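Colleague: I have a few quick questions about this one. Can you put it up?

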Amino acid sequence: MRIEEQRGRLILCGGILSVDKIEPGQQWIGSSGGVVTVKEVDAFGWVKYWWEEGGAVKEHEKDAFAFQCRYSLIVEPGQTVDQFE
């Protein structure tokens, strides 16, 4: 895995995180630049997340693998890949 800058944000890319590393409150960015926030990760590995669109809050869920195929974790300056392995 590595950290890269994309669309003005630092993101974690090049790997798949274990489900226990996906936490409520994390923000993830899609390839189109849309940002979603993790709401919940259930015991079966389903990630529930939300975003705002047109003034409304939208929610969806995907299994952890499919979620990570679509979105990349936004990391803070100073965070390292080691924190997510």
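This is a predicted model: local features need pLDDT of at least 70, side-chain atom pairs count only at pLDDT 80 or more; totals for chains, interfaces and linings use all residues.

Colleague: Which element does glutamine 68 lie in?

Modeller: Glutamine 68 is part of helix α1, which covers residues 64–70.

Colleague: Is glutamine 68 buried or exposed?

Modeller: Its relative accessibility is 10%, so glutamine 68 counts as buried.

Colleague: Changing topic. How many disulfides does the structure hold?

Modeller: The count is 0 disulfides.

Colleague: On to aromatics. How many aromatic pairs are there?

Modeller: The structure holds 5 aromatic pairs. One of them is tilted: tyrosine 49 with phenylalanine 67, at 5.1 Å centre to centre and 50° between the planes.

Colleague: What does that pair tie together?

Modeller: Tyrosine 49 lies in strand β5 (residues 46–53) and phenylalanine 67 in helix α1, so the pair ties together parts that are 18 residues apart in sequence. Tyrosine 49 and phenylalanine 67 are both buried.

Colleague: And what about tyrosine 49 with tyrosine 71?

Modeller: For tyrosine 49 and tyrosine 71, the ring centres are 5.4 Å apart and the planes stand at 65°, so this pair is edge-to-face. It links distant parts of the chain, with tyrosine 49 in strand β5 and tyrosine 71 in strand β7, 22 residues apart. The relative accessible area of tyrosine 49 is 2%, so it is buried.

Colleague: Which residues form the aromatic cluster?

Modeller: One cluster is formed by Trp28, Tyr49, Trp51, Phe67 and Tyr71.

Colleague: Stay with tyrosine 71. What does it touch?

Modeller: Again leaving out residues up to four places away in sequence, tyrosine 71 touches Trp28, Ile29, Gly30, Gly34, Val36 and Tyr49. Tyrosine 71 is buried, at a relative accessible area of 9%.

Colleague: Which residue lies over the face of its ring?

Modeller: Arginine 70 does, at 5.0 Å from the ring centre of tyrosine 71.

Colleague: How far is tyrosine 71 from glutamate 4?

Modeller: Tyrosine 71 and glutamate 4 are 14 Å apart in space, C-alpha to C-alpha, and 67 residues apart in sequence.

Colleague: Back to the strand itself. How many residues of β7 are buried?

Modeller: The count is 5 of the 5, so β7 is largely enclosed by the rest of the structure. Strand β7 runs over residues 71–75.

Colleague: Which strands pair with β7?

Modeller: Strand β2 (residues 9–13) pairs with β7 in the antiparallel sense over 2 bridges. Strand β3 (residues 27–30) also pairs with β7 in the antiparallel sense, over 3 bridges.

Colleague: What stands opposite what?

Modeller: Isoleucine 11 has isoleucine 74 of β7 as its bridge partner. Tryptophan 28 stands opposite leucine 73 in β7.

Terms used
Residues are numbered from 1 along each chain as its sequence is written. Side-chain values use heavy atoms; hydrogens and water are left out. Helices (H or I, at least four residues) and strands (E, at least two) are DSSP runs, numbered from the N terminus. Buried means under 20% relative accessible area, exposed over 50%, partly exposed in between (1.4 Å probe, protein chains only). A disulfide is a pair of cysteine sulfur atoms within 2.5 Å. Contact means heavy atoms within 4.5 Å. Rings of Phe, Tyr and Trp (its six-membered ring) pair if their centres lie within 6.5 Å; planes under 30 degrees apart count as stacked, over 60 as edge-to-face and the rest as tilted. A charge sits over a ring if NZ of Lys or CZ of Arg is within 6 Å of the ring centre and within 35 degrees of the ring normal. Two strands pair if DSSP finds at least two bridges between them.
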